[in-house]
Amino acid sequence: MSPEDWRKQKRDITVMISLGLLIVMAFVLSMNTGFIRLSPLDTLRTLFGGGTAKEELILFDFRLPRIVISVLIGAGLAVSGCIMQGISRNALADPGILGINAGAGLVVLLFVAIYPTTEAAPVFMLPILAWIGAGLTAALIFSLSYKRHKGLLPTRLLLTGIAVAAGISAATIVLTLRIIPEKYQFVATWMAGSIWGTNWNFVLALLPFIAVLLPFVFCKARMMNVLNLGEANAIALGARVSREQIVLLVAAVGLAGSCVAVSGGIGFVGLIGPHVARRLVGPKHQALLPTSALTGSLMVIVADMLGRLILQPSEIPVGIIVAIIGAPYFLYLLARPSS
């Protein structure tokens, strides 16, 4: 390894450690944030079993599951967006913008409209159902965007995704008009992008997808570097381009779908996370993928904390906080000459 490569690797590690420390700080602050305040001392005492029954209920049953889910879905959505930007070579690719989140959400909402979601078995079915919805949507979008001998066309992919997302959104609105009033509040909150799965069952339902798919994607970092060279160059280097794109797409869909199942329609995390990470560590996926995961986790946990803090005792859904940042950034990317 050359001295320059060693310095670059050292800088990347420093960036990732710094992001990790910021996540820990946000985690601690988030445990103290809410309508019922717990001081840092009360939180520490409760963590070690010395809190009152009320403090234990607030911390262990409400705040900690929500914070853990925020970290998981931030990492999942950001890495999913990073994969899609890599395999499509489109800087605007994102599971929310392309409609994949909407497809996952439509299946989840269909399930919620028919069955209650408070029992253990349906909770563990939600990520699988969301994966199915996201997979079908992704298959439709990528098949319409693919041209033989040219591969995935970035502009066509973006426009197709926006069109499909609009159609799914229309179907979702029709569905909300036909559900019973008792479930309408949940659906409206979900569509705004609220972390509604705030118990440990939802953590256990989401964790296997994140724990399996993230390491798998990280192991594919070198292949993603090859795919970024273009289809012709990747084939010349011996890569099975179509096969690798499908495998990575399935992983991206799995991450996005499982996250949407417990987080609702949170957009822009998969767009902003990889872009910020790319500015911090560069385009090589060995550093870009884990940095995207850390950036996404930090973004969602901070957005959730702000949403609980700004309008107490009411909450602002995480999706709205992220959209306030993400929408202008998306317009900025569209306006750049290189876009």
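Predicted model: local features only at pLDDT ≥ 70, side-chain atom pairs only at ≥ 80, totals over all residues.
Patches are made of residues with over 30% relative accessible area and no salt bridge, where like charges are joined within 9 Å and nonpolar side chains (Val, Leu, Ile, Met, Phe, Trp, Tyr) within 5 Å. Accessible areas come from the Shrake-Rupley method with a 1.4 Å probe, and for residues only the protein chains shown count as cover. Here, Leu306, Leu309, Ile310 and Leu311 make a nonpolar surface patch of about 330 Å². Leu306 sits in helix α13 (residues 285-309). Its relative accessible area is 34%, so Leu306 is partly exposed.

Residues are numbered from 1 along each chain as its sequence is written, and side-chain values use heavy atoms, with hydrogens and water left out.

## Helices

Helices (H or I, at least four residues) are DSSP runs, numbered from the N terminus. The expected span of a helix is 1.5 Å times one less than its number of residues.

Take helix α3 (residues 53-88). Its 36 residues should span 52 Å at 1.5 Å a residue, and the end C-alpha atoms are 51 Å apart, which agrees. Where does α3 have a kink? The kink lies at Arg63, shortly before the proline Pro65, and amounts to about 35 degrees. Such a bend is the angle between axes fitted to the seven residues ending at a residue and the seven starting there. α3 is mostly covered, with 27 of its 36 residues buried. Just after α3 comes Arg89, with a positive phi of about 55 degrees.

Phe268 also has a positive phi, near 75 degrees, and is not a glycine. Phe268 lies in the loop between α11 (241-263) and α12 (269-281). Its relative accessibility is 17%, so Phe268 counts as buried.

Helix α4 (residues 100-114) has 15 residues. From first C-alpha to last, α4 reaches 22 Å, close to the 21 Å expected at 1.5 Å a residue. Its buried residues include Ile100, Leu106, Phe111 and Val112. Ile114 is also in α4. Is Ile114 buried or exposed? At 60% relative accessibility, Ile114 counts as exposed. The C-alpha atoms of Ile114 and Ile180 are separated by 10.0 Å, and these residues are 66 residues apart along the chain.

## Salt bridges

Side chains of opposite charge can pair when their charged atoms come close. A salt bridge is a side-chain nitrogen of Lys or Arg within 4 Å of a carboxyl oxygen of Asp or Glu. How many salt bridges does a search of the whole structure find? It finds eight. The table gives some of them.

| Salt bridge | N to O distance |
|---|---|
| Asp12 and Lys8 | 2.8 Å |
| Arg45 and Asp42 | 3.0 Å |
| Glu244 and Lys220 | 2.9 Å |

The Glu244 and Lys220 pair links distant parts of the chain, 24 residues apart. Glu244 is in helix α11, while Lys220 is in the loop between α8 (200-219) and α9 (221-227). Both Glu244 and Lys220 are buried.

Asp12 and Lys8 are four residues apart in helix α1 (residues 3-31), so about one helical turn separates them. Asp12 counts as buried at 8% relative accessibility. Lys8 counts as partly exposed at 28%.

Arg45 and Asp42 are three residues apart in helix α2 (residues 40-47), again separated by about one helical turn. Arg45 is partly exposed, at 33% relative accessibility. An α-helix has 3.6 residues a turn, so residues three or four places apart point the same way.

Salt bridges also link Arg66, Asp304, Arg308 and Glu315 in a network.

## An aromatic pair

Rings of Phe, Tyr and Trp (its six-membered ring) pair if their centres lie within 6.5 Å; planes under 30 degrees apart count as stacked, over 60 as edge-to-face and the rest as tilted. The structure holds one aromatic pair. The ring centres of Trp131 and Phe209 are 5.5 Å apart and their planes lie at 65 degrees, so the pair is edge-to-face. The pair links distant parts of the chain, with Trp131 in helix α5 (residues 120-145) and Phe209 in helix α8, 78 residues apart. Trp131 counts as partly exposed at 27% relative accessibility, whereas Phe209 is buried at 14%.

Key: Helix = DSSP H or I, 4+ residues; strand = E, 2+ residues; numbered from the N terminus. Buried < 20%, exposed > 50% of the residue type's maximum accessible area, 1.4 Å probe, protein only.
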